Amino acid sequence: MSLTAEEQNNLLNNLRAKWTNSNCLRCNSNNWIVQGVVQQYLASTKDRGNGIGGEFLPTGVLICRTCGSTELVNLVVAGIVKGGQ
Ligand SMILES: [Zn+2]
């Protein structure tokens, strides 16, 4: 799954609106890019064990263009993809 250019822009705009400080924690610049591919992490649950049958966590990757620091953001919470089953 990939994010469209519009979804990437929406993600950056949503985060800048929600984060109290959207500057990079490492270099204090505000020069983020979004990697277009959605990372899918498997949640390990007590009921389902590790990996198999667990829930997927759609995750966006933001990279600071200045220093390369990388942030992971849950795309459901950020309002970019819908959650649920
Ligand atoms: Zn940085």
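How many of the 14 residues of α1 are buried? The number is one, so α1 lies largely in the open; a residue is buried if 20 or more other C-beta atoms lie within 10 Å of its own, exposed if 12 or fewer, and partly exposed in between, with C-beta atoms placed from the backbone. This is a predicted model, in which local features need pLDDT of at least 70 and side-chain atom pairs count only at pLDDT 80 or more, while totals for chains, interfaces and linings use all residues. Numbering starts from 1 along each chain as its sequence is written.

**View 1. Overall arrangement of the protein.** Helices (H or I, at least four residues) and strands (E, at least two) are DSSP runs, numbered from the N terminus. Of the 85 residues, 11% are buried. Among contacts between residues at least 6 apart in sequence, 48% join residues at least 24 apart; a contact requires C-beta atoms, placed from the backbone, within 7 Å.

**View 2. Helix α1.** Residues 5-18 form α1, which reaches 20 Å from its first C-alpha to its last. This is close to the 20 Å expected at 1.5 Å a residue, the expected span being 1.5 Å times one less than the number of residues.

**View 3. Pairing of the strands.** β1 (residues 32-42) and β2 (residues 56-64) are antiparallel and share eight bridges; two strands pair if DSSP finds at least two bridges between them. Leu42 is opposite Phe56 in β2. β2 also pairs with β3 (residues 70-74), again in the antiparallel sense, over five bridges. Thr59 faces Asn74 of β3. The hairpin of β2 and β3 has five residues between the strands, and Gly68 there takes a positive phi near 90°.

**View 4. Ser44 in the loop between β1 and β2.** Ser44 belongs to this loop. It counts as exposed because it has 12 C-beta neighbours inside 10 Å. Ser44 and Glu55 are eleven residues apart along the chain, and their C-alpha atoms are separated by 7.6 Å.

**View 5. The largest nonpolar core.** Five residues make up this core: Leu3, Leu11, Val34, Leu75 and Ile80. A nonpolar core is a set of buried Ala, Val, Leu, Ile, Met, Phe, Trp, Tyr and Cys residues joined through C-beta atoms within 7 Å. With neighbours within four places in sequence left aside, Ile80 contacts Leu3, Glu7, Asn10, Leu11, Gly60 and Leu75.

Methods: Contact = placed C-beta atoms within 7 Å.
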